[in-house]
Each structure stands twice: as structure tokens, then as C-alpha cells.
Amino acid sequence: QPQTLTRPKYYLAMATFTLSHRSPEWCGTVLKRIQTAYKKMWGGRFAQSFKQRHRILGTLRAIEPTHGDHGWHPHIHTLFISDSPITGLQEVSMLAELREAWQHAVAKAGGYAAAEYGVTLITGDEAIGAYGVKLSSDTDDWGISAEMTKYPSKRARDGRSLWQLLDAYITGDVEAGELWTEGVGAMKGVRHIAPSPGLWQMLGIESLDDYAEKMGDDDALGEKLVSLTVEQWQVVIRHDRRGDLLEHAASGSLRAFLDSLGID
């Protein structure tokens with residue numbers, strides 16, 4: 001039988017940028033430093049030559065703060081979109097170039113990035129999916145799209161995300177609540193996901209803002225099934241049943257599920 005052979009229109013790679021930080025530093029201070037370094041790196045001649053050499057058509061940036069034993073640890077994921085396959089040799093070259101440029105940019109921003117740990121790079125959805133599995137308790141379907149957008153679902157490897165801090169506060173960790181407030185304050189006005197100019201048009205899709213506007217108000221997105229008090233929500237968290245709650249809500253058996261937890 002005749003067969004039609006096709007190839008992907010775009011090829012993907014994802015870099016993660018981090019820098020050294022100290023425990024007493026305020027979240028906003030570290031966040032500003034990594035943002036400044038990132039802007040310096042992609043605002044100069046390096047950016048143009050790098051994109052031309054590796055046929056990068058556009059980028060998508062996501063920024064995330066986590067908190068651990070050594071304080072606040074914001075990091076940036078950058079998705080590179082190319083129109084040609086990224087070979088193993090090219091991946092090595094890209095990583096070396098990114099690490100050198102990132103070290104210089106961080107130094108100009110008043111910080112320090114280790115050569116080996118400041119930048120990581122992985123190519124292909126399969127590899128990025130394996131990376132994402134380490135960060136999430138939901139390992140069934142985790143690829144590039146999840147790694148870039150599902151910050152609320154991710155479990156930080158070292159430390160806790162803002163959502164994990166909020167969970168801890170709800171269960172009685174007052175310090176976690178204070179850290180959450182600090183982190184949210186630092187992130188105010190920062191777009192979690194930012195495309196390079198013209199990316200949506202190149203991909204032939206609407207902007208996220210236009211899409212959200214077409215979706216209408218929140219009431220049009222679903223039906224309210226039940227309202228839980230903070231104390232009742234703590235019961236769900238204590239039993240680690242959040243995923244089960246959503247499944248029962250979707251299947252119509254929510255009331256019986258809540259009864260099984262003793263929630264009236």
C-alpha cells in the first residue's frame with residue numbers, strides 16, 4: 001500500500017537556567033538577579049548569533065521560584081523551537097555556548113553561576129518527559145508542554161514550590177505561609193510564561209490572552225459541585241486524596257467520596 005512519510009514541522013530543546021543564592025536573601029532579590037542576567041544574555045549579539053547557528057525560530061520562557069534549605073531558588077526554563085532536527089553534536093555545542101554566555105550574564109548581574117550546574121539542556125519530548133517525572137507525582141503524561149506550563153502540579157526536587165508552601169501552610173506550617181507570601185509578592189507582575197516576539201503568529205495560533213478572553217468568565221468554564229471549608233480541605237490533603245477528589249467530581253460520585261472521608 002502507498003504510504004505518506006511526514007516529518008515534524010518543528011523540533012524542540014529545553015534549557016534550564018539557575019544561579020547561586022544564599023539562604024537569607026529575599027525572594028525578590030534573587031528573582032531580580034536571574035531576570036536581569038537572562039535579559040542581558042538574550043538582549044545582545046550572542047542571542048542573534050546563537051539563534052542563527054542553531055536555526056532557532058522562537059522561544060518560550062517560563063520562570064519558577066522554589067524554596068529549600070539554601071533559601072530561594074528561582075530558575076528559568078526556555079523552550080527553543082527549531083525548524084531542523086537537533087543532532088547530538090549540536091546539542092553539545094548548544095550547551096557549551098549557553099553555559100559560557102550564562103556565566104558572563106550572571107556575573108554582569110552581580111551573581112555567580114557554576115559552569116556545570118548553571119545551565120542544563122535536553123532535547124526531544126521523550127527526554128524532557130523523563131526529566132519531568134522527577135519533578136512530579138503525576139508521571140503518566142509528562143512532556144515538554146507539562147514541564148513548561150504545569151508549575152502548580154510539579155513537586156520540586158530540592159525544596160518546595162509556592163504551591164507546596166501553600167499546602168504546608170494550610171496544614172499548620174506558619175513559616176511556610178510567610179514564605180508563600182514573600183514568594184507571591186516577589187512574583188507580582190512577572191509573567192510565568194512569555195513568548196518571543198511573533199511566536200504565536202509563527203505557530204499559527206492565537207495569543208493566550210485572546211484565547212482566555214474568548215473562553216469568557218470563570219462561570220462558563222464549569223459547574224460548582226460543592227464548597228469545602230479550610231478544615232474540610234485539610235482532611236483531603238491529610239489523606240493525600242486531591243487527585244481522587246477530582247476523579248470523583250468528574251464521574252459524579254463526589255458526595256459518596258466526601259462521605260468516605262467523613263466530610264459532611
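Reader: Which residues does methionine 41 touch, not counting residues up to four places away in sequence?

Author: In this predicted model, methionine 41 touches Phe17, Phe46, Ala47, Leu98, Ala101, Trp102 and Ala105, with residues up to four places away in sequence left out.

Reader: Which residues touch the most other members of the largest nonpolar core?

Author: In soluble globular proteins, nonpolar side chains tend to be buried together. Here the largest nonpolar core has 39 residues, and those touching the most other members are Phe17, Met41, Trp42, Phe80, Leu98, Trp102 and Leu121. Helix H1 (residues 27-42) supplies the largest share of this core, 8 residues.

Reader: How should I read the crossing of helix H2 and helix H3?

Author: An angle over 145 degrees counts as roughly antiparallel. The axes of H2 (residues 45-53) and H3 (residues 88-108) cross at roughly 175 degrees and come within 12 Å; the two helices are therefore roughly antiparallel to each other. In this contact, Phe46, Phe50 and Arg53 of H2 meet Met94, Glu97, Leu98 and Ala101 of H3. These residues divide into 5 nonpolar, no polar and 2 charged.

Reader: What is the phi of arginine 55, and where is this residue found?

Author: Most residues other than glycine have a negative phi. Arginine 55 is not a glycine, yet has a positive phi of about 55 degrees. Arginine 55 lies in the loop between H2 and strand S2 (56-68), and its relative accessibility is 46%, so it counts as partly exposed.

Reader: Is aspartate 240 buried or exposed?

Author: Aspartate 240 counts as exposed because its relative accessibility is 56%. This residue is in the loop between helix H10 (230-238) and helix H11 (242-251), and its phi is also positive, near 55 degrees.

Note on methods. Residues numbered from 1 in each chain as written. Predicted model: local features only at pLDDT ≥ 70, side-chain atom pairs only at ≥ 80, totals over all residues. Heavy atoms only, no water. Axes fitted to C-alpha atoms, helices over the stretch in contact; angles between N-to-C directions. Helix = DSSP H or I, 4+ residues; strand = E, 2+ residues; numbered from the N terminus. Parallel < 35°, antiparallel > 145°, perpendicular 65-115°, else oblique. Contact = heavy atoms within 4.5 Å. Nonpolar A, V, L, I, M, F, W, Y, C, P; charged D, E, K, R; others polar. Core = buried A, V, L, I, M, F, W, Y, C linked by side-chain atoms within 4.5 Å. Buried < 20%, exposed > 50% of the residue type's maximum accessible area, 1.4 Å probe, protein only.
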